[in-house]
Amino acid sequence: MVTRQLPRARDLRPLLQFKKPILDPTERRLATALTIEDLRVIARRRTPRAAFDYTEGAAEQEISLARARQAFQDIEFHPAILRDVSRVGTGWEVLGQRVALPFGIAPTGFTRMMQTEGESAGAAAAAAAGIPFCLSTMGTTSIEAVRAAAGPAGRTWFQLYMWKERERSMALVDRAAAAGYDTLLVTVDVPVAGARLRDRRNGFTIPPQLTARTVLDAIPRPAWWVNFLTTEPLTFASLSSSSGTVAELIDTMFDPTVTYEDLGWIRDQWPGKLVVKGVQSVDDACRLARAGVDAIVLSNHGGRQLDRAPVPFHLLPQVVAEVGSDLEVHLDTGIMSGADIVAAVALGARFTLIGRAYLYGLMAGGRRGVDRTIEILRTDIERTMRLLGVCSLEELRPAHVTQLQRLGPIARSTTPDPHVLR
Ligand SMILES: Cc1cc2nc3c(=O)[nH]c(=O)nc-3n(C[C@H](O)[C@H](O)[C@H](O)COP(=O)(O)O)c2cc1C
């Protein structure tokens, strides 16, 4: 028999703990995001469809991206128990300098369209976290302004697309060297534009055009439009003029004749570390090791170029076995959590890059949103390492991860978008 009593004030008091309300709306919004997927949902709510789809979308049927994300889902971790994991270190050296975390911010074009703070937010957040920020040739903030945003301690890399007008591309490389960028990433997986069908269906152009549809779309997203219309005009920082679709721009400007021989020519003009991004086979990795580059990025460009390309995470073990002692192997495409990064490091990646995970944060809350992305990934990495029983990145081993064979169908990379399926 339970004896009942009237609740007493002294028993109730500890139960009634009201949290101090977060008054700042951006802080409040970001505090609800516990995962990168949460940031994605907020980003989608706040960003006009054409800009969000440009960021989120991939090429053709978007199978490359779906498979890359699925590959991370399809692993099994193997922890060791009874280890002292009270202290855990997430840093090591990447291309000759210390990084605080095993990931950096990938180069992305047209970034101020996602949110007006754009590359400056990314560079400042990366510098504060002790990780590199990579500026794209197609960036919307100048080489020098990104350097200033990163501050003297921030580490910046420059990504090169070789244009048909090679002297103009190399003039950018000279500017990056003069400004203090330490690493040049040459992206090699865009001889022509991938078929980004979402952009075609949305009638997406650069600069974005105001049509009846975009005006309607603006109604529930006033903050984006206020930012867009009241800040510096959105333009490519390194191109003098451009308009049309992204595919038209790429196919007009980019040089499809670039070969291995040209890499040597670029190497001779660049004083810092040289990285090739977009490597998708063991053969090419071996050839680049012989060419003497400092690192390669296994990447299929976030699935935005060749659809049904190899999943970089699947290539990783064999590439590391072949060239891991000659150069650093980096990886991107599909990273949506810190556990994905831990798995990549365990299989031999020295470093990883995040594209959309960074842009979701940016769209969700500008600079503070990028801080939130980094914080979520940092927390994931530390927790996963502790749960695996390791205290440092050096202790991560291939034995910590197995890649399971997939039996069922691959889920779509993202929540089905009726617009795409239409
Ligand atoms: C919106 C967007 C723009 C991009 N622009 C560039 C670019 O200008 N240069 C480049 O080398 N890669 C570019 N990428 C590819 C990224 O550098 C990176 O390889 C890719 O985003 C990694 O996949 P993830 O988005 O799944 O992390 C872009 C990716 C996105 C999502």
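User: Which residues in H5 are buried?
Analyst: In H5, the buried residues are Ser 64, Leu 65, Ala 66, Arg 67, Ala 68, Arg 69, Ala 71 and Phe 72. Buried requires 20 or more other C-beta atoms, placed from the backbone, within 10 Å of the residue's own. The model is predicted: local features need pLDDT of at least 70, side-chain atom pairs count only at pLDDT 80 or more, and totals for chains, interfaces and linings use all residues. Residues are numbered from 1 along each chain as its sequence is written.

User: How many residues of H5 are buried, and what covers them?
Analyst: Helix H5 (residues 63-73) is mostly covered, with 8 of its 11 residues buried. The cover includes strand S1 (75-77), helix H16 (312-323) and helix H17 (338-346). Helices (H or I, at least four residues) and strands (E, at least two) are DSSP runs, numbered from the N terminus.

User: Turning to the ligand, which residues come nearest?
Analyst: Ala 106, Gly 109, Ser 136, Gly 302 and Gly 355 come nearest, of the 23 residues around the ligand. A residue is near if its C-beta atom, placed from the backbone, lies within 6 Å of the molecule.

How values were computed: Buried ≥ 20, exposed ≤ 12 C-beta atoms within 10 Å, placed from the backbone. Contact = placed C-beta atoms within 7 Å.
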